[in-house]
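Reader: I would like to go through this model by question and answer. Please keep it brisk.

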Amino acid sequence: MDLGLFVFYRPSSAFNSPFWTTNAGAPVSNNNSSLTVGPRGPVLLEDYHLVEKLANFDRERIPERVVHARGASAKGFFEVTHDISHLSCADFLRAPGVQTPVIVRFSTVIHERGSPETIRDPRGFAVKFYTREGNWDLVGNNFPVFFVRDAMKFPDVIHAFKPNPKSHIQEYWRVLDFLSHHPESLLTFAFLFDDVGVPQDYRHMEGFGVHAYTLISKAGKVHYVKFHWKPTCGVKCLLEDEAIKVGGANHSHATKDLYDSIEAGNYPEWKLFIQIMDPDHEDRFDFDPLDDTKTWPEDLLPLQPVGRLVLNKNIDNFFAENEQLAFNPALVVPGIYYSNDKMLQTRLFAYSDTQRHRLGPNYLQLPVNAPKCAHHNNHYDGSMNFMHRDEEIDYFPSRFDPVRHAETFPIPSNIFTGKREKCVIEKENNFKQPGERYRSWAPDRQERFLHRWVDVLSEPRVTHEIRSIWISYWSQADRSFGQKLASRLNHRPSSAFNSPFWTTNSGAPVWNNNSSLTVGPRGPILLEDYHLVEKLANFDRERIPERVVHARGASAKGFFEVTHDISHLTCADFLRAPGVQTPVIVRFSTVIHERGSPETLRDPRGFAVKFYTREGNFDLVGNNFPIFFVRDGMKFPDMVHALKPNPKSHIQENWRILDFFSHHPESLHMFTFLLDDLGVPQDYRHMEGSGVNTYTLISKAGKAHYVKFHWKPTCGVKCLLEDEAIKVGGANHSHATKDLYDSIAAGNYPEWKLFIQTIDPDQEDRFDFDPLDVTKTWPEDILPLQPVGRLVLNKNIDNFFAENEQLAFCPAIVVPGVYYSDDKLLQTRIFSYSDTQRHRLGPNYLQLPVNAPKCSHHNNHHEGFMNFMHRDEEVNYFPSRYDPARHAETFPIPSNICTGKREKCVIEKENNFKQPGERYRSWAPDRQERFLHRWVDVLSEPRVTHEIRSIWISYWSQADRSFGQKLASRLNVRPSI
């Protein structure tokens, strides 16, 4: 065997096996069914393939970027068109005609991964050049300036723009409050609240390096430089009404536009221009050229053409080449260097620090981030090092290793003199440029800008003091604009300030939380500024992996009260008698889409309730539909992958969904809910909830009953049709979160009634379906709903991260009197939910206050990451003669005997078509027509094959012959059964 084959091994996505295997390469004979005791018995722990599949699925999410989370990437090249070799010795700029491969990522700055691309938000424009001298990352935005000039304030400005940490609703009173202390932000607002604040798409927007960098010639001559990208197809933007329509119809419109344009051969192109300044001339200006809140005047420092950027290839995989794509302004090449721009100086640390948190210490080994040129250092080992190395020398210097220092290349040689200082620059000049920009606009553009300012300053929580400050600022920039603003707001300015006492995490007092520690007012930042490093390092790690499913959600607290006695069915203490109240927290969510995605997308909704009982927590984890797509947890990762966006383009496409489910006719019933009018709830208050899975209630005497749980809203069920959803979602992508928060804050407490259906397991064979099949409902005429209690949500959460993002549910968490059934999907969720929480939150996630039981508890599960439970025991084992802790009293669990061989198989009573047909026939004609129209829409997509259309028509013909015929007629396809 030639072992040399392994020396050059690099991981790839090329699967060369014609059959399915485990990660370790073992063949998989059945990837559809879990291993059970007989066809209907419980799932076995020895099913390694199932555990591996779910464990991989549970870990598919990494922390999203704190900023620039929502984005899209494409590949192409940069070509030099004009000679600037007299300004820079950079090899990739050496002569006209030189081409360099690039990858570019466009993004929105503030909002989350799934947020609409029509939100008023700066856009990121980051370019990675794969040069012969290493990678150069030009990390910029679509505006030439930024809100603050010192990165000590970067975490604060992002926190202010992010949604309120209590409600998770973006509110401008927070933005205006923070930036009222920073008048240098005025110029960026002159871009953000201008028409250019919402680009039409990524192809029609400019890009800027924002910071002043340094170009250095071969002779060592230094020039400050600013970079500008100009789209050859022009700049186009969306006004408010257009943005609502576009974003409401497709929250990923810009990603799709970029992907489709490149796919069609309509390659986006930008021209690169630079402005340069001799550092010896910087004192000629009335502003500081290194201040990133200022532009350089083009009449004095004209744009000089350099080259063109062409994007001619879509990425191959969205996760590998967008989510794992990592930029860092510190990555420069000979001929390009940093300046003393305070924001740039700090980003040199912060960007690499956040990538090490998100991707790991070896993130530059990932193919998308690795240089394409030869490289050599001793930075390796650590998590996920996949670079094969066989050197014995991992130190420098060495007489056994010929590797040497590279040739010296020029860097700025200026000398710094100054004391350690935390201060602002001398030439602030915060008002001149915003006023000039405003006066350059036509009257209608000025009016739209004024209208946007009046809107945000009219928010109820914007105080008189804050309004006065902003009117004062704008009056200094342009007196007429300030007067108009005051007039529209009917306002007279005033001013007053109040500051708290600030400390580091370790409690040391902070006397300046606005400025970084520099050598003199304009020198570089010192590494010894521990407060700055601590602040940025905490900020860089603020994101944990989002949930793979149910990422977008909102929570509220309240109580559950028993109203009807069911103590004959269960010995559960919290259900012991009418009048008993139990505190709860509830999380509503959308299942498939990402954090920040519109809450008007057609998507199942999560409805999860955590009961803090006297016997421990009970997590009832359900959805707004009473059934699910698949019945075996082996198919859960595949199902979610099919429903998620295409891993290549990150666009959700129905051909993938219809392809996968064409192999699973049991999904038909679920589609009668998803593509019905119920598919888009009006909000969380007006939707039903269901436990979905079959559980078991056990009485004190040990008698077991299968049970299904149902939540019915007292205010009724309301939904949004297509046109309504577009309007609501386009206007506010967080409308349901806001509705829930506002309703509770106003004392209009949402309420649901809890009902159950029960079956005696001895009678389950009387039905023509399997009662443990999660794709089936139980007929209410035979198994009527029985009232149990009421759920009231009367308190908003205190902090969104602590009580929504860290809120963790698991169907395995039950209490005496409530137990699992052999429902195959439930059996698998018992493992999967806790496994994903250990990945997202850590092994001690049940110590977090929102997840911890409110009753006394005792075990030896401790230590590990972030254990914050104080314990002083010496005995951490069981049993012990030194510790009086004992076993709890035995409580009843199902006593049925499991008999059967190890099997991977489907259940006997599939009966996939009866219930979908009955549900369709129960609707009024207009509702049937809307359902038909949605099916015609999805089956008409170009990439849905004739075979797949025929299969779905066949399925629906078996459910309801008339519906199948209508579907075939509309699609002009002949059904075949």
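Author: One definition first: a residue is buried when its relative accessible area is under 20%. The model is a predicted one.

Reader: How many of the 17 residues of H20 are buried?
Author: Helix H20 covers residues 824-840. The helix is mostly covered. Of its 17 residues, the buried ones number 14.

Reader: What span should H20 have, and how far apart are its end C-alpha atoms?
Author: The expected span is 1.5 Å times one less than the number of residues. H20 has 17 residues, so it should span 24 Å. That agrees with the separation of its end C-alpha atoms, 25 Å.

Reader: On which residue is the kink in H20 centred?
Author: H20 has a kink of about 30°. The kink is centred on Ile-830.

Reader: Which residue caps the N-terminal end of H20?
Author: Look at the backbone nitrogen of Leu-825. A side-chain oxygen lies 2.9 Å from that nitrogen. The oxygen belongs to the capping residue, Asp-823.

Reader: What is the phi of Gly-842?
Author: Gly-842 follows H20. Its phi is positive, near 110°.

Reader: Where does Ser-856 lie, and is it buried or exposed?
Author: Ser-856 is in the loop between H20 and strand S26 (902-904). Exposed means over 50% relative accessible area. Ser-856 has 72%, so it counts as exposed.

Reader: How far apart are the C-alpha atoms of Ser-856 and Val-510?
Author: Along the chain, Ser-856 and Val-510 are 346 residues apart.

Reader: Now the rings. How many aromatic pairs are there?
Author: Rings pair if their centres lie within 6.5 Å. By this rule, the count of aromatic pairs is 75.

Reader: Why is the pair of Phe-193 and Trp-453 classed as it is?
Author: The ring centres of Phe-193 and Trp-453 are 5.0 Å apart. Planes over 60 degrees apart count as edge-to-face. The planes here are at 70°, so the pair is edge-to-face.

Reader: Which parts of the chain does the pair of Phe-193 and Trp-453 link?
Author: Both Phe-193 and Trp-453 are buried. They are 260 residues apart. Phe-193 is in the loop between helix H4 (186-192) and strand S6 (207-208), and Trp-453 is in helix H10 (residues 443-457).

Reader: Which strands hold Tyr-213 and Phe-227?
Author: The rings of Tyr-213 and Phe-227 have centres 6.0 Å apart and planes at 65°, so this pair is edge-to-face. The pair ties together parts that are 14 residues apart in sequence. Tyr-213 is buried, at a relative accessible area of 0%, and Phe-227 is buried at 5%. Tyr-213 lies in strand S7 (residues 213-216), Phe-227 in strand S8 (residues 222-231).

Reader: Which residue has its charged end over the ring of Phe-673?
Author: The charged end is 3.6 Å from the ring centre of Phe-673. It belongs to Arg-919.

Reader: And which residue lies over the face of Phe-327?
Author: The distance to the ring centre of Phe-327 is 5.1 Å. The residue is Lys-128.

Reader: What is the phi of His-68, and what is that of His-168?
Author: Most residues other than glycine have a negative phi. His-68, in the loop between helix H1 (48-58) and strand S2 (70-80), is buried at 14% relative accessibility. His-168, in the loop between helix H2 (154-161) and helix H3 (172-179), is buried at 10%. The phi of His-68 is positive, about 65°, and that of His-168 is also positive, near 60°.

Reader: How far apart are the C-alpha atoms of Leu-186 and Lys-432?
Author: Leu-186 is in helix H4. At 0% relative accessibility, Leu-186 counts as buried. Lys-432 is 246 residues away along the chain. Their C-alpha atoms are separated by 9.9 Å.

Reader: Last, the domains. How far apart are the C-alpha centres of domain 2 and domain 5?
Author: Domain 2 is made of 71-146 + 200-365. Domain 5 is 913-971. Their C-alpha centres lie apart by 48 Å.

Key. Residues numbered from 1 in each chain as written. Predicted model: local features only at pLDDT ≥ 70, side-chain atom pairs only at ≥ 80, totals over all residues. Heavy atoms only, no water. Phe/Tyr/Trp six-rings, centres within 6.5 Å; stacked < 30°, edge-to-face > 60°. Helix = DSSP H or I, 4+ residues; strand = E, 2+ residues; numbered from the N terminus. Buried < 20%, exposed > 50% of the residue type's maximum accessible area, 1.4 Å probe, protein only. Lys NZ or Arg CZ within 6 Å of the ring centre and 35° of its normal. Domains from an automatic or database assignment. Bend = angle between axes of the 7 residues up to and from the residue. Polar contact = N/O pair within 3.5 Å; in protein donor to acceptor, adjacent residues only side chain to side chain.
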